[in-house]
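Please look over the sequence and the structure before reading on.

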Amino acid sequence: MAISRETKSSRILRVLLSFALFIVIVLASLSTCSKSVFLNKASIEDLFTDYNYVSSVKADVLEYACDIYLKNGLDSSNLDSVFDDALVEETIKAYVAGTIGSSIGYSETTYLESVESMCAAFEADLKSQIDKRGFTQDFDSINASVKLIKNCITSAVDISVPNVKNIINIGSIASVAVIGVSLFFAVSIGLVLFFIGDIRYRSVRAVSISFFTAGLFDIFLSLMVYIIFKIRHIDIFPIYLRELVMSYIGNCINSVAVLGCLLLFVGLIVSVAVWKIRKEK
């Protein structure tokens with residue numbers, strides 16, 4: 001009769017608890033990825049201050065400024081130094097920090113000051129080029145050009161995502177909460193599984209199966225998302241912003257895949273424990 005209970009009620013309970021453990025492990029793994037990668041302010045800021053992104057923003061603003069000079073018969077050769085790489089990076093960093101609150105010492109005010117600094121440098125060079133050409137300075141036209149450049153800079157830098165700071169902050173808190181609750185239930189379910197029935201290796205094997213299936217699920221999920229975004233590109237303009245978003249998605253996919261492999265490794269370790277327990281029995 002003891003064997004009958006082991007093969008029926010205990011085994012059914014093991015299956016149910018193993019499935020429940022699989023669910024909480026998946027929740028904990030995805031929440032860990034959310035906290036460490038998806039909603040990581042420092043990682044997001046690193047993407048925005050990447051050399052390629054900064055260079056693309058500068059090229060966009062520089063091209064617009066050159067068109068203004070060209071239409072007015074002015075020399076645009078000095079504009080590359082006007083929109084200095086360091087100043088453009090500083091402006092982007094100030095905007096991102098003010099938007100998501102990642103860097104101490106940066107705020108929305110810092111961003112606006114950086115934009116005004118670039119506009120002032122452009123205005124000074126514009127007036128200098130007008131004087132060199134011997135043209136009469138039309139202050140209304142100069143102010144209009146500076147305003148156009150200011151709009152160009154803000155549109156190139158502004159990603160226009162409303163309430164992104166609140167989304168990240170709330171998401172980070174929720175991720176930590178889910179991680180804590182999931183780990184609590186994972187430990188509880190694991191302990192209950194371990195002490196079910198008299199055949200110990202079956203309980204440990206159920207735990208290893210949960211880790212294996214959770215790892216495979218994470219890898220499968222990351223693979224599916226990768227295939228979807230490989231086939232279907234996101235329509236975002238300008239192109240450099242789309243590339244940044246795709247890079248961000250790539251980082252998220254990689255983090256889930258790596259964590260999935262880690263779960264498989266844990267499952268393998270537990271399987272070795274199953275083999276030892278069964279051998280000693």
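The axes of helix 5 (residues 85-100) and helix 6 (residues 108-133) come within 7 Å and cross at roughly 155°. That makes helix 5 roughly antiparallel to helix 6, a term used for angles over 145 degrees. This is a predicted model in which local features need pLDDT of at least 70 and side-chain atom pairs count only at pLDDT 80 or more, while totals for chains, interfaces and linings use all residues. Residues are numbered from 1 along each chain as its sequence is written, and side-chain values use heavy atoms, with hydrogens and water left out.

**Helix 5 with helix 6**
- The crossing of helix 5 and helix 6 is left-handed, that is, the near helix is turned anticlockwise from the far one by less than a right angle.
- Leu 87, Val 88, Glu 90, Thr 91, Ala 94, Tyr 95 and Gly 98 in helix 5 are in contact (heavy atoms within 4.5 Å) with Glu 108, Thr 110, Tyr 111, Ser 114, Val 115, Ser 117 and Met 118 in helix 6.
- The residues of this contact comprise 7 nonpolar, 5 polar and 2 charged.

**Helix 2 with helix 5**
- Helix 2 (residues 41-48) and helix 5 have axes that come within 10 Å and cross at roughly 155°.
- Helix 2 is therefore roughly antiparallel to helix 5.
- Lys 41, Ile 44, Glu 45 and Phe 48 in helix 2 meet Ile 92, Lys 93, Val 96, Ala 97 and Ile 100 in helix 5.
- By class, the contact of helix 2 with helix 5 has 6 nonpolar, no polar and 3 charged residues.

- Leaving aside neighbours within four places in sequence, Tyr 53 is in contact with residues including Phe 48, Ile 92, Ala 156 and Tyr 240.

**Leu 263**
- Leu 263 is found in helix 10 (residues 239-280).
- Not counting residues up to four places away in sequence, Leu 263 touches Ile 25, Ser 29, Phe 211, Ala 214, Gly 215 and Asp 218.
- The C-alpha atoms of Leu 263 and Pro 238, 25 residues apart along the chain, are separated by 38 Å.

Note on methods. Axes fitted to C-alpha atoms, helices over the stretch in contact; angles between N-to-C directions. Helix = DSSP H or I, 4+ residues; strand = E, 2+ residues; numbered from the N terminus. Parallel < 35°, antiparallel > 145°, perpendicular 65-115°, else oblique. Nonpolar A, V, L, I, M, F, W, Y, C, P; charged D, E, K, R; others polar.
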